[in-house]
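Welcome! Here is a short tour of the spaces inside a protein and of the residues around them. Please take a look at the structure before reading on.

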Amino acid sequence: MSTPHETSLSRRWLTVIVLLAAQVMIILDQNIVTIALPAIRDDLGFTPSNLVWTVNAYVIPFGGLLLLAGRLGDLLSRKWVFIAGLALFTLASAAIGFADTQTLLLAGRFVQGIGGAIASAGLLGMVVMLLPEPAEQAKGIGAFGFASAGGGALGSVIGGVLTESIGWESIFFINLPLGLAVGLLAWRLLENDRGIGLKAGADVLGAVLVTAGVMLAVYTLIEVEHQGWDSARTIGFGALAALLLAGFLLRQAKAATPLVPLRIMFSRSVAGANVSQALMVGAAFGFMYFTVLYLQQVLDYRPLTAGLAFLPAPLVIASVSLWVAPKLLTRVAPRKLAIVGLAVMVLGFVLFAQMRADGSYLVDVLPGMVTAPLGFGLTMPALMTLGMADSKPEDAGVTSGLFNTAQQVGGAVGLAVISTAVSSRTASLLDGGTGQAEALTAGYRLGYTIAAVMVAVALVVAVTVIKTRKTEAAQAEPVPAAV
């Protein structure tokens, strides 16, 4: 790939915009289905117990393959791995729209998750490589933060609009023209590149261990709500996942060409950013999931109205990630910005935890809907900067994949923990004779309290684990341009 200095700034930014459009598509698809679930259930005859697999069938391969996909981009070609993944994602989306059975829909979602992982794993690394200058890189990382966080929040808005006005199939068909456009533009704009070669890091055993370990871990976590934390299945699968991941770490320490160099995983900046991000994203997954339920089940909003009620979140994230955070990142160490953002996020979840069964949108939802995304918008670009701090050009894809993997696993863990607590609290109150609206609201309040604690732990990690000196160096010295 040509160095970014050899390409005009306007062309590089156009390329970045195309990559960000792909990120929005892929992240949006994780959440756009949520509001459409009742319509999918009624149309294809899903039961409450198997309807959740409409989401899970996408999340499991997506989370499990990110690390391997990121490394494949480093080894083969970031451009062509991205385009191949995007093509698979787009074709699977179209197939899902035509699905007339549960089996076809779930198979399509699984393939879509594979394509999404392959396409998105190395995107952050590509953005960083395209924009090596500090000011431009800060803007690019801020824009990527919006694409990731805003894409998730937009999923609820767009899902509600499309489902109610056209039908649930439209949330998948829309990816066909978007995927074709993004793919063609990427083919024209991205420079042809050659990776460092399979011999430089073709750790097949490591790839099998980490992919199987992460997939099994995600599966175990998303089944916790149905199986329970103390079930033999949860304990057994969890132990097996831990063994696989421990085997992966041991393999990386001994392999001549490791899939992920240990210097990346054990960098305090990278490790601290990934742990903080995992906790923060886990809390955010709970926020998006349970706020939709509160709006629909307690405030009795229709899907379209519930989707539009989420609009402040992406607007706040866009404003902060695209304009405020990039300017701050050129003046303030990203560690400090992350600390401030996480503190604001904690406040947002504390506000949500005050919601009432007879509440209103303006009093019980809007304050948290603005405050929590404000903190998220400040924190995500800062953590992305830290997460890529020790990346070398030849490792940019796998470092990006590691950051995305932490995001997905964190989301699965957070949602599993919060969902279990919310369900238990709600069921206990219903059994005791509490009304449905009051019981549901009490459960959601507990969920938001747990989310606030998770973000508070992320704040402690940011304060204690991330090295100030390393962080400031990372801010002053951007990642070198790829060649």
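The largest pocket holds about 1300 Å³ of space. It is lined by 42 residues, and T34, L37, V52, Y289 and L293 are the closest to its centre. Please keep in mind that this is a predicted model, with an average pLDDT of 86.

**The largest pocket**
- The element that gives the most to the lining of the largest pocket is α19, with ten residues.
- Sorted by class, the lining of the largest pocket has 26 nonpolar residues, 14 polar ones and two charged ones.

**The second largest pocket**
- In the second largest pocket there is about 740 Å³ of space.
- Four elements, α10 (204-222), α12 (232-254), α14 and α19, each give two or more residues to the lining of the second largest pocket.
- Among these elements, α12 gives the most to that lining, with eight residues.
- The lining of the second largest pocket counts 29 residues, and nearest its centre lie L245, L402, T405, A406 and V409.

**The cavities**
- The count comes to four cavities of 30 Å³ or more.
- The largest cavity contains about 240 Å³ of space.
- Around the largest cavity are 22 lining residues, and S148, A149, A284, M288 and F376 lie nearest its centre.
- Two or more residues of this lining come from each of α1 (9-44), α7 (134-165), α14 (268-298), α16 (312-329), α17 (334-352), α18 (361-387) and α19 (396-431).
- The largest share of the lining of the largest cavity is five residues, and α14 provides it.
- By class, 16 nonpolar and six polar residues line the largest cavity, and no charged residues do.

- Across the protein, 93% of the residues have a pLDDT of at least 70.
- Residues 1-6 have a pLDDT below 50, and this stretch has 18 contacts in the model beyond near neighbours in sequence.
- For residues 469-483 the pLDDT also stays under 50, and the model gives this stretch 41 contacts beyond four places in sequence.

Conventions:
Residues are numbered from 1 along each chain as its sequence is written. This is a predicted model: local features need pLDDT of at least 70, side-chain atom pairs count only at pLDDT 80 or more; totals for chains, interfaces and linings use all residues. Side-chain values use heavy atoms; hydrogens and water are left out. pLDDT is the predictor's confidence in each residue, from 0 to 100. Contact means heavy atoms within 4.5 Å. On a 1 Å grid over the protein atoms alone, a cavity is a set of points where a 1.4 Å probe fits but cannot get out, and a pocket is an open set with protein on both sides within 12 Å along at least five of seven lines; lining residues have an atom within 4 Å of a point. Grid points are joined across faces, edges and corners, and a volume is the space filled by probe spheres set on the points. Ala, Val, Leu, Ile, Met, Phe, Trp, Tyr, Cys and Pro count as nonpolar, Asp, Glu, Lys and Arg as charged, and the others, Gly among them, as polar.
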